[in-house]
Amino acid sequence: MTIQDWEKIIIPEPNDENIFDYYIGQMALPDRLSRRTGTLVEAMKHTWYEYVPSWYNGEKALPLVVSLHGASGTGHHQARSTGWHLVAERDGLMVIFPNSSTNIDTARNPNNRWDNQWDGTDMNYLKALIEHVVSEYNIDDSRIYMHGISNGDMMSLQFALKHGEVLAGLASGIGPTPWRNFEKGDIFKPEKPLPVYQWRGEQDLIVPGIQREEGGDPSIRDDLNEFNKQLWIEIGGHEHIPQIRIRGRDNLEIYRGGSVPFFYNEVKDAPHQTDVYAADVMWREMLSGCHRGSDGEIVSNKPLDPPEGDKNAVAIVLGTNKAFIDNEVYVLKQGGPVMIGSSMYVPVQFLGQAFGAEVELVGEGKQAVVRTEDGTTIGFSHGNSSVTVNNRITLLDQKMEFKDDMLMIPVQTVCEKLFHKNISCNSFVAYISDHRAELSRGIARTLQRILKS
């Protein structure tokens, strides 16, 4: 590898500070992060941080990202927590990290929060700050985006709903806005579609004004997440069924059927915290492809890394005879899954619809021979945990059962041990794939909605 090749590699700055008391993903402050101050509105002195790529010379108009910190945070803390500076260096954009108007810049402080007011100081400040940066730098004003986490997520939503014409996209992290804010008239639902990428943690149960994270009711937070999703799904005219992609702990719903894209990612087991890679993902998978045309309307082109739904994946839900196979809904001809004891079972014919196997019943239906697509033969028999694979005896850890005149097989055991699949279960939903995928509660809820409708 040449020196020129190394220069194209983005690498976090060496970190000599002990800054991991809050979140281990925090990075060292980038050397090129500049602290700025100014009086932009209401005779108040504001502070913000700017990152401009090292190679920027003013000739090329850059996209602009405005990234808002959460409660207690600061602009420099936001830079540490999000990695936006590395994205900016790699892909060529400018990022600003403003402090809220009440911010005490020296450290994390409970007073450091956005006011989240429709006509408040912070709304006017952010609008003025964007106008100021556009006047000072060569910014492509058709490619301005806002990103916020927690309290900053709520503020970014307020801004997008009031000044959405300024933005070409919104990235929201871990801070859905409560429905009561809409009911009280503190905020209004969107009137025009906007590309939105929402990012949530499965174990983040915080609902402002109702419950904190510890001991919270997951269903209340799930309802709030769904409410915030529907704000943009409805105005975007999206279809009822998204594509689903699960990679490791990241569970993504992809809505492309409407006028602009909407993506929703939920991280399995994640609490109320910033995932340092989230900004990179949201930029590469959505925001990088969105801009406003000459008529002011959103144009959605192909982003740098367009996400696609999982292939060779199957989802089944207890209580329905439908399956989600390669992001399409199919009726299971012999019926859906049932619980036998504490395990989920399906008719042996399921292997034909899910994996393209040939299934032949023998012995009054209490036995079956299955031929997989690669030519492997598997013999199943009621009451046995032993099966034959290419005429060799193999022991599973659960028995086959004959129930309601059908030979039933245990889903997890058969998929893992005989078809070498990954299977993840949550809320009586099983997600079967050819790669590591950990199904989260929220995406299990979406699959239930799809397959039970």
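Two strands pair if DSSP finds at least two bridges between them. Strands here are DSSP runs of E with at least two residues and helices are runs of H or I with at least four residues, numbered from the N terminus. On that basis, strand S7 and strand S10 (residues 262–267) run parallel and are joined by 6 bridges. The model is predicted: local features need pLDDT of at least 70, side-chain atom pairs count only at pLDDT 80 or more, and totals for chains, interfaces and linings use all residues. Residues are numbered from 1 along each chain as its sequence is written, and side-chain values use heavy atoms, with hydrogens and water left out.

- S7 pairs in the parallel sense with strand S6 (residues 169–173) over 4 bridges, and Leu170 stands opposite Val196 in S7.
- Towards S10, Trp199 has Asn265 as its bridge partner, and Gly201 has Val267.
- S10 is largely enclosed by the rest of the structure, because 6 of its 6 residues are buried.
- Phe262, Tyr264 and Glu266 cover one side of S10 and Phe263, Asn265 and Val267 the other, and all are buried.
- Strand S9 (residues 250–255) runs antiparallel to S10, with 6 bridges joining the two, and Ile254 stands opposite Phe263 in S10.
- S9 and S10 form a hairpin, with 6 residues between them.

**The open sheet S16-S17-S24-S23**

- Strands of a sheet pair through backbone hydrogen bonds, either parallel or antiparallel.
- An open sheet of 4 strands has the order S16-S17-S24-S23, and its pairing is antiparallel.
- Strand S16 (338–340) and strand S23 (401–403) are the edge strands, each pairing on one side only.
- On average, neighbouring strands of this sheet are turned by 50° against each other, direction ignored.
- S23 pairs with strand S24 (residues 406–410) in the antiparallel sense over 3 bridges, and the bridge partner of Phe402 in S24 is Leu407.

**Helices H4 and H5**

- The axes of helix H4 (residues 121–136) and helix H5 (residues 151–162) come within 10 Å and cross at roughly 70°; axes are lines fitted to C-alpha atoms, for helices over the stretch in contact, and angles run from 0 to 180 degrees between N-to-C directions.
- H4 and H5 are therefore roughly perpendicular to each other; angles of 65 to 115 degrees count as such, those under 35 as roughly parallel, those over 145 as roughly antiparallel, and the rest as oblique.
- H4 contributes Asp122, Met123, Leu126, Lys127 and Ile130 to the contact, and H5 contributes Met155, Gln158, Phe159 and Lys162; contact means heavy atoms within 4.5 Å.
- The contact of H4 with H5 has 5 nonpolar, 1 polar and 3 charged residues; Ala, Val, Leu, Ile, Met, Phe, Trp, Tyr, Cys and Pro count as nonpolar, Asp, Glu, Lys and Arg as charged, and the others, Gly among them, as polar.

**Buried loop residues**

- Thr372 sits in the loop between strand S19 (367–371) and strand S20 (377–381) and counts as buried at 14% relative accessibility.
- The side chains of Thr372 and Asp374 make a polar contact (2.3 Å); this term is a pair of N or O atoms within 3.5 Å, where within protein one must be able to donate a hydrogen and the other to accept it, and residues adjacent in sequence count only if both atoms are side-chain atoms.
- Apart from neighbours within four places in sequence, Thr372 is in contact with Ala357, Ile378 and Phe419.
- Ala313 is in the loop between strand S12 (298–300) and strand S13 (314–317) and is buried, with a relative accessible area of 5%.
- Not counting residues up to four places away in sequence, Ala313 touches Phe324, Ile325, Asp326, Tyr431, Ile432 and Ser433.

- Asp326 is not a glycine, yet has a positive phi of about 50°.
- Asp326 lies in the loop between strand S14 (322–325) and strand S15 (328–331) and counts as partly exposed at 31% relative accessibility.
- Asn391 also has a positive phi, near 65°.
- The loop between strand S21 (386–389) and strand S22 (392–395) holds Asn391, which counts as exposed at 71% relative accessibility.

Notes
Buried means under 20% relative accessible area, exposed over 50%, partly exposed in between (1.4 Å probe, protein chains only).
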